[in-house]
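Here is a chain to look at, followed by some questions about the terms used for it.

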Amino acid sequence: MKKNIFLFLLIVLGTSAYSQKILLHGNDLDRIEKACNLIKIHDPIIYESMVIHSIIQSYGHYTGNKFTSTNMVEDNNYWILIGRGTLSKRSINRLAGTIFHESLHMLLELQRSRSGPIRKFSDLSENERKQEEIFVYNRTRELLVRLNTSDWEIKEYDKWASAYY
Ligand SMILES: [Zn+2]
């Protein structure tokens, strides 16, 4: 009997786990879905971890030329937020890199929470934040190169990351 309940739970959790939730404003759904699909193909392990835990939303907090992203936890949901400032001017590859970048931060936070209470990125020391940012940057850059992302977008990403070196 107990085994059946466990099986039932697995099925219920299993079906809800593998559908990526994307909420958005405007017409970014198609591009975000394509970007997620690239991650699914090129890094299936990160993709599966990401879809279990996160909801993706494009958001309009920033305006102008800034291309920004962040993540946050709310009611046990992880949100990956992609600023809409110049989202439409970036390629699907670059968008995939951005979602991947925030996913890695989220997964590192979940990993930390296994050994104690959640330690958010903002709770880390300056040096720990720097180390994490460099790790996430390197992994994301590898993905961008594998995807054949255009030079100007990789250079833009490098420029942003150079603040941490
Ligand atoms: Zn970061």
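The questions and answers below set values against definitions.

Q: How do you know which features of this model can be described?
A: This is a predicted model, in which local features need pLDDT of at least 70 and side-chain atom pairs count only at pLDDT 80 or more, while totals for chains, interfaces and linings use all residues. Residues are numbered from 1 along each chain as its sequence is written.

Q: What makes up the secondary structure of the chain?
A: There are six helices and four strands, in the order α-β-α-α-β-β-β-α-α-α from the N terminus on. Helices (H or I, at least four residues) and strands (E, at least two) are DSSP runs, numbered from the N terminus.

Q: Why is Lys120 called partly exposed?
A: A residue is buried if 20 or more other C-beta atoms lie within 10 Å of its own, exposed if 12 or fewer, and partly exposed in between, with C-beta atoms placed from the backbone. Lys120 has 13 other C-beta atoms within 10 Å, so Lys120 is partly exposed. Lys120 sits in the loop between α4 and α5. Its C-alpha is 6.3 Å from that of Glu109, eleven residues away in sequence.

Q: How do you know that the span of α2 is close to the expected one?
A: The expected span is 1.5 Å times one less than the number of residues. Helix α2 (residues 29–42) has 14 residues, for which 20 Å is expected, and α2 reaches 20 Å from first C-alpha to last.

Q: What puts the buried residues of α2 on the same side?
A: The buried residues are Ile32, Ala35, Cys36, Leu38 and Ile39. They cover an arc of only 150° around the axis, and therefore lie on the same side of α2. The arc is that of the directions from the helix axis to the C-beta atoms. The face turned away from this buried side carries the exposed residues Asp30 and Ile41.

Q: What do the buried residues of α2 pack against?
A: They pack against β1 (21–23), α3 (44–53), β2 (54–59) and α4. Contact requires C-beta atoms, placed from the backbone, to lie within 7 Å.

Q: What is the angle at which α4 and α5 pack?
A: Helix α4 (residues 92–113) and helix α5 (residues 126–146) pack at about 145°, with axes 9 Å apart. Axes are lines fitted to C-alpha atoms, for helices over the stretch in contact, and angles run from 0 to 180 degrees between N-to-C directions. The contact is made by residues including Phe100 and Leu104 of α4 and Val136 and Leu143 of α5.

Conventions:
Two residues are in contact if their C-beta atoms, placed from the backbone, lie within 7 Å.
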